[in-house]
Amino acid sequence: MLLDLKLPKVSGLEVLKIIKADEQLKIIPVVVLSSSRETPDVVECYRHGVNAYVVKPVDFAEFMKAVKLLGIFWAAINEPPPIALKNETLPGK
C-alpha cells in the first residue's frame with residue numbers, strides 16, 4: 001500500500017496506526033510516499049510499523065520514476081511473507 005501522510009479527513013499516520021494495530025491487516029506492506037522530509041514524521045512512521053518511507057520527488061518525471069522503482073522492488077525484488085503466514089492472518093483461516 002502506498003500511503004500519503006497528508007490525507008483530507010484523517011492523517012496517513014492515523015491510517016498507518018489502524019492498519020498495523022489490526023491482526024488481519026498488519027501483514028500488508030505499507031510504504032509512506034510523502035513530501036515531508038521532517039525527521040519526526042519519518043521516525044513516527046517507522047515507530048508505527050511502516051515498511052518504507054519515500055520522499056516524493058517534486059518533478060513529475062522523477063515522481064513517476066520513483067513509483068516505478070517502488071513497483072519493481074515490491075513485485076520483483078522483495079521477498080513476501082510465506083503463504084502460511086498470509087493464511088494465518090486472513091479472516092476465517
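Mentor: Start with a polar contact. A polar atom of the Ser34 side chain lies 3.0 Å from the backbone nitrogen of Ser36. Keep in mind that this is a predicted model.

Now place Ser34. This residue belongs to strand β2. Its relative accessibility is 0%, and buried means under 20%, so Ser34 counts as buried. Which residues does Ser34 touch, leaving aside its neighbours within four places in sequence? They are Asp4, Leu5, Tyr53, Val54, Val55 and Lys56.

Next, the sheet around it. Three strands form an open sheet in the order β1-β2-β3, and the pairing is parallel. β1 (2–3) and β3 (52–55) stand at the edges; each has a single partner strand, so one side of each lacks a neighbour in the sheet. Helix α3, residues 60–77, packs on this sheet and touches β1, β2 and β3. The direction of α3 makes about 175 degrees with that of β2.

Look at one pairing. Strand β2 covers residues 31–34 and joins β1 in the parallel sense over two bridges. Leu3 has Val32 in β2 as its bridge partner.

Finally, step back to the chain. It has four helices and three strands. Along the sequence they follow the pattern β-α-β-α-β-α-α. The chain has 93 residues, and 23% of them are buried. Of the contacts with a separation of 6 or more, 46% come from residues 24 or more positions apart. The accessible surface is about 6,500 Å², with 62% belonging to carbon and sulfur atoms.

Methods
Residues numbered from 1 in each chain as written. Predicted model: local features only at pLDDT ≥ 70, side-chain atom pairs only at ≥ 80, totals over all residues. Heavy atoms only, no water. Pairing = 2+ DSSP bridges. Contact = heavy atoms within 4.5 Å. Axes fitted to C-alpha atoms, helices over the stretch in contact; angles between N-to-C directions. Buried < 20%, exposed > 50% of the residue type's maximum accessible area, 1.4 Å probe, protein only. Polar contact = N/O pair within 3.5 Å; in protein donor to acceptor, adjacent residues only side chain to side chain. Areas by Shrake-Rupley, 256 points an atom, 1.4 Å probe, with all protein chains shown as cover.
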